[in-house]
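Biologist: Walk me through this one. How should I read its pockets, helices and contacts?

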Amino acid sequence: MGDDAELLLEMHRALLAELGARTIYRRAAALVRDEELRNLLAGFADDERKQIDELRTTMTALGGKPIRRSLRRTLLAEALAWTIPFAGPRFALRICFDAEQKRARWYAHFHEYLAARGERRFDAALQRMFALKQLHTHTLQA
């Protein structure tokens with residue numbers, strides 16, 4: 001990353017991914033039959049809402065103008081979720097697992113980049129965002 005504009009662009013991409021994750025977890029929770037998995041996914045959807053709020057707050061503090069929603073991400077996530085009744089949840093959850101891993105790396109990178117610049121006010125928020133993605137990854141792996 002070279003400057004704040006590039007950092008905000010990367011955060012925008014992360015926000016798009018989080019919006020898609022919120023949609024897939026919310027819809028998947030409604031489509032899976034297993035009650036334990038349904039509750040887990042509903043909890044993930046709630047986690048994503050908080051993650052999105054925290055990412056938007058961080059972006060705003062850095063001078064960005066975070067989006068509120070993405071129709072494209074919503075439609076793609078809905079399409080993925082609707083594979084569940086036909087193929088079961090494994091395929092969709094594998095994609096979610098891969099995406100959670102990627103977002104964890106992004107948040108670690110954002111933290112490292114800002115820390116290297118001496119910007120420490122976002123340490124706690126970015127560490128929380130990274131930890132949540134790690135938790136989701138480990139949970140989905142099981």
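Modeller: Pockets to start. A pocket is an open set of points on a 1 Å grid over the protein atoms alone, where a 1.4 Å probe fits, with protein on both sides within 12 Å along at least five of seven lines; lining residues have an atom within 4 Å of a point. Grid points join across faces, edges and corners, and volume is the space filled by probe spheres set on the points. The second largest pocket here holds about 190 Å³. The model is predicted, with local features needing pLDDT of at least 70 and side-chain atom pairs 80 or more, while totals for chains, interfaces and linings use all residues. Numbering runs from 1 along each chain as its sequence is written, and side-chain values use heavy atoms, without hydrogens or water.

Biologist: Which residues line the second largest pocket?

Modeller: Leu37, Pro89, Arg90, Leu93, Arg94, Phe97, Leu140, Gln141 and Ala142. H5 gives the most, four residues. Helices are DSSP runs (H or I, at least four residues), numbered from the N terminus. H5 and helix H6 (123-141) each give two or more residues to this lining.

Biologist: What is the volume of the largest pocket?

Modeller: About 270 Å³. Of its 15 lining residues, Ala17, Gly20, Ala21, Arg73 and Ala77 are the closest to the centre. H1, H3 and H5 each give two or more residues. The largest share, six residues, is from H1.

Biologist: Which residues of H3 are buried?

Modeller: Buried means under 20% relative accessible area; exposed means over 50% (1.4 Å probe, protein chains only). In H3 (residues 71-81), Ala77, Glu78, Leu80 and Ala81 are buried. They cover an arc of only 160° around the axis (directions from the helix axis to the C-beta atoms), so they sit on the same side of H3. The face turned away carries exposed Leu71, Arg72 and Leu75. Cover for the buried residues includes H1, helix H4 (84-87) and H5.

Biologist: Is Glu100 buried or exposed?

Modeller: Buried, with a relative accessible area of 0%. Glu100 lies in H5. Contact means heavy atoms within 4.5 Å. Leaving aside neighbours within four places in sequence, Glu100 contacts Tyr25, Glu48, Lys133, His136, Thr137 and Leu140.

Biologist: How many aromatic pairs does the structure hold?

Modeller: Two. Tyr25 and Phe44 have ring centres 5.1 Å apart and planes at 80°, so the pair is edge-to-face (centres within 6.5 Å, planes over 60 degrees apart). Tyr25 is in H1 (residues 4-31) and Phe44 in H2 (residues 35-61), 19 residues apart. Both are buried. Tyr107 and Phe110 are also edge-to-face, at 5.8 Å and 80°. These two lie three residues apart in H5 (residues 90-116), so about one helical turn separates them. Both Tyr107 and Phe110 are buried.

Methods
Rings of Phe, Tyr and Trp (its six-membered ring) pair if their centres lie within 6.5 Å; planes under 30 degrees apart count as stacked, over 60 as edge-to-face and the rest as tilted.
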